[in-house]
Each structure stands twice: as structure tokens, then as C-alpha cells.
Amino acid sequence: MQKLIAIEGIDGSGKTTLANMLKEYLESKRKLRVILTREPFSEEIIGLIEKLGWSDPVLLTLLFAADRAIHIHWLSSLQNIDLILLDRYYFSSIAYQGALGLDEEWIEIVNSRFPKPDIVILLDLPVEVAISRIKNDKFSFKEKIRSLEKVRERYLKLANKYNFYIINANKDKNEVLNDAVKIIEKYLT
């Protein structure tokens, strides 16, 4: 499979904005063939998540894992791609469903068959800032919003455990992009 770069962070941290900017940079400046994709991926599973809500972490973990399996199968079929940018990956399941009380070790086991990313960039920012940014997010369930501080704490623990690169996402988006480019450029050279 191609090189994987995962961008993680709590809702509102700027993952999608950074991913779009990175894709443009890597294609125009580095002349790489880049695919940008997001999780959740499957419209059918997105519909189930919207319908069922955020109250059952076991069900969510399994739905996100099923979605991820579909996603990885699709990615593995792509040809002539140099790099895959993932706007969320399995670390989101560990952070979010773990914050809802589910055993993180079990979540890791459920996701253990998926390819490990080559780089994980964690966009970190205060929860209050994130909440002000996500007012219209379709997955802003009350249970999820209430758990964002725990999710952030779990992401920071995961960053330590798995050696993520952490970027302060409370900066201007161009500064965040510059920080991410420095990380990726080291990897590409």
C-alpha cells in the first residue's frame, strides 16, 4: 500500500482544513500523486451512525471498524498514488470510544488488522475553541460534545504512546500548514 499520513484531533481542530491544504501543497510543490480521504467513509455507515447516535460505544467501535475495512479495501485498489492523506483514522476510535468508557485495549485489538500510518499528526487545541468551531457538525451529538475534554486527554496519551507529531492547532491555519509541511518534508527526503 502507498504511504499513509493520518491527521487526527478532536472535532474542530482543523483536520479537514489542514488535509486540503496539504494535498494542494504536496501536489503542486512536490508533484506527488495524493489522495485525500476521510473517515467515516461509507455513506451507508455514516447514515447508521447518524440514525443511532453516540450512546453505544461498542456499536460505534464496530461500525467505525466496518467502515474502515471498506475504506482500506477501496484504498488498496487504487493505482498510481504516492501518498494517502487520511482525515481521521483508527486512533479516532480509540480516543472517542475510549472517552465513552470502552476499554481502549479492546478498541486497539478491533483495529489491529488495519495498516499502521507512516506519520500521525495530532492537531491539538483547547476544547472551548473546538466547540466554538463545530456548531453545525452533523456528528455533534450531546454525548460527544460532553466527552471532548476526555477525548483530548486520550489523544495526548496516544501521541505519547505512538510518537505522534503534535501541532498547536490554535494558530493561524497557514502556520499549522507550515508546521505540518516541515514534518512531512523530513519524512519525504
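Helices and strands here are DSSP runs, numbered from the N terminus. The model is predicted.

Phe-164 sits in the loop that links helix H8 (148-162) to strand E5 (165-168). Buried or exposed: which is Phe-164? Phe-164 counts as buried, because its relative accessibility is 8% and buried means under 20%. Beyond its neighbours within four places in sequence, Phe-164 is in contact with Phe-91, Val-120, Leu-122, Tyr-155, Leu-158 and Ala-159. Phe-164 and Ile-7 are 157 residues apart in sequence. In space, their C-alpha atoms are 9.7 Å apart.

**The core around Tyr-155**

Tyr-155, one of the contacts of Phe-164, also belongs to the largest nonpolar core, which has 62 residues. Which members touch the most others? They are Ile-10, Leu-22 and Tyr-155. Neighbours within four places aside, the contacts of Tyr-155 include Glu-8, Gly-9 and Ile-10. Phe-91, Ser-92, Ala-95 and Tyr-96 are also among them, and these four are buried residues of H4. Nonpolar side chains tend to be buried together in soluble globular proteins.

**Helix H4**

Helix H4 covers residues 90-99. How many of its ten residues are buried? Ten are, and the helix is mostly covered. Among them are Tyr-90, Ile-94 and Ala-99. Gly-101 follows H4 and has a positive phi, near 105°.

**Asp-87 in strand E3**

Strand E3 spans residues 83-87 and includes Asp-87. Asp-87 is buried, with 4% relative accessible area. Its side chain makes polar contacts with the side chains of Thr-16 and Arg-38. Leaving out neighbours within four places in sequence, Asp-87 is in contact with Ile-7, Lys-15, Thr-16, Thr-37, Arg-38 and Glu-39.

| Side-chain pair | Polar contact |
|---|---|
| Asp-87 and Thr-16 | 2.5 Å |
| Asp-87 and Arg-38 | 3.4 Å |

**A patch on the surface**

Three leucines form a nonpolar patch on the surface: Leu-48, Leu-52 and Leu-59. Together they have about 220 Å² of accessible area. Leu-52 lies in helix H2, residues 43-52. Why does Leu-52 count as partly exposed? The reason is its relative accessibility of 41%, since partly exposed lies between under 20% for buried and over 50% for exposed.

Technical notes
Residues numbered from 1 in each chain as written. Predicted model: local features only at pLDDT ≥ 70, side-chain atom pairs only at ≥ 80, totals over all residues. Heavy atoms only, no water. Patch = residues over 30% accessible without salt bridge, like charges linked within 9 Å, V, L, I, M, F, W, Y side chains within 5 Å. Areas by Shrake-Rupley, 256 points an atom, 1.4 Å probe, with all protein chains shown as cover. Salt bridge = Lys/Arg side-chain N within 4 Å of Asp/Glu carboxyl O. Helix = DSSP H or I, 4+ residues; strand = E, 2+ residues; numbered from the N terminus. Buried < 20%, exposed > 50% of the residue type's maximum accessible area, 1.4 Å probe, protein only. Core = buried A, V, L, I, M, F, W, Y, C linked by side-chain atoms within 4.5 Å. Contact = heavy atoms within 4.5 Å. Polar contact = N/O pair within 3.5 Å; in protein donor to acceptor, adjacent residues only side chain to side chain.
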